[in-house]
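Let's walk through this structure together, one contact at a time. Have the sequence and the 3D view ready.

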Amino acid sequence: MTGILAFTALCLGLLLTAPAFATDAVSAYEGHRLYVSHCMICHGPDGKGHGPLAQNLGLNPVDMTRTLRSRSDTILKKIISGEGGQTISGRDRHNVLTDAMPNWGEVLSESQIEALIAYLRFLSTAQHEMMGDPVEGRDLYQKYCTVCHGEEGYGDGVMTQILELEPMDHTDPVAINKMSNEDIFVAIKEGNGQYMPGWEGILDDEEIEALVSYIRMLTQ
Ligand code: HEC
Ligand code: HEC
């Protein structure tokens with residue numbers, strides 16, 4: 001009896017832990033979605049603190065693209081969840097975050113907060129502008145690109161076995177950062193080599209821009 005229980009617990013444990021790995025590559029993307037609906041209104045689309053609600057309330061969120069580099073994940077988790085009266089460096093003389101920043105610990109889960117942190121890191125280290133809407137980009141990617149590039153962009157889609165392809169790994173930050181937005185755009189529009197087809201005629205420019213933004217997020 002206990003054996004069965006232990007086994008069930010083990011299976012349940014595996015079930016519960018598996019998605020965490022599977023969603024790793026897209027956590028910045030999930031974080032982006034949360035950011036747009038929960039944070040952008042104060043922190044602004046670019047994280048610099050010029051959101052419309054902040055202006056209405058006379059709040060002054062910091063420019064996160066400058067401060068985040070010096071904050072550890074643990075500190076960010078505390079800041080976002082509002083856990084305890086945390087102290088953070090580089091602030092007023094008491095080094096305490098004011099209460100102008102809402103506490104999100106009750107409405108967001110731990111994994112949502114982790115996804116947000118992945119996105120904030122992306123936002124503060126991004127080397128290229130976002131050209132299109134990554135939410136639209138993700139839908140298009142799932143529809144047209146995963147057969148070769150894989151669900152999560154690793155380059156391991158089902159067609160790679162049949163055709164012996166080696167599509168580029170879209171989660172590799174070094175390779176992707178080396179390419180400008182224009183490079184990626186042109187690669188998608190015109191194709192590259194025999195097996196990376198050009199999408200002109202199927203996708204319009206706005207859709208290709210959305211794909212470029214989504215691919216950038218896969219590198220987090
Ligand atoms: C009602 C406006 C408002 C909303 C909504 C909001 N924030 Fe803030 N946030 C602030 C203000 C104001 C500060 C600066 C507080 C201070 O300086 O003491 C801040 C500070 C922060 C900081 C600390 C930055 C630093 O390095 O000092 C982080 C991180 C942060 N917010 C993340 C978020 C996230 C993630 C969300 C969405 C889940 C969010 N905020 C939503 C107003 C807001
Ligand atoms: C039939 C398989 C296939 C499909 C479908 C496919 N790709 Fe590719 N892709 C490849 C291969 C193979 C490469 C590597 C090409 C090379 O380096 O020679 C590649 C490379 C790329 C590159 C890098 C190009 C470069 O210059 O290195 C980008 C960006 C890309 N694909 C985006 C996409 C997007 C976006 C989609 C969906 C709209 C897509 N691909 C659909 C096979 C595919």
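Which side chain meets Lys189 in a salt bridge? The partner is Asp205, at 2.9 Å from N to O; a salt bridge here is a side-chain nitrogen of Lys or Arg within 4 Å of a carboxyl oxygen of Asp or Glu. Lys189 sits in helix H12 (residues 181-190) and Asp205 in helix H13 (residues 205-217), so the bridge ties together parts 16 residues apart in sequence.

A word on the ground rules: this is a predicted model, in which local features need pLDDT of at least 70 and side-chain atom pairs count only at pLDDT 80 or more, while totals for chains, interfaces and linings use all residues. Residues are numbered from 1 along each chain as its sequence is written, chains are lettered from A and ligands numbered from 1 in the order written, and side-chain values use heavy atoms, leaving out hydrogens and water.

The protein chain has 13 helices and 0 strands; these are DSSP runs numbered from the N terminus (helices H or I, at least four residues; strands E, at least two).

Now turn to the iron atom of ligand 1. His43 (NE2) and Met101 (SD) are its protein donors, lying 2.0 to 2.2 Å away; donors are N, O and S atoms within 2.8 Å of the metal (3.2 Å for Na, K and Ca), and with water not among the atoms, sites may look incomplete. His43 lies in helix H3 (residues 40-43) and Met101 in the loop between helix H6 (73-81) and helix H7 (110-125), so the pair ties together parts 58 residues apart in sequence.
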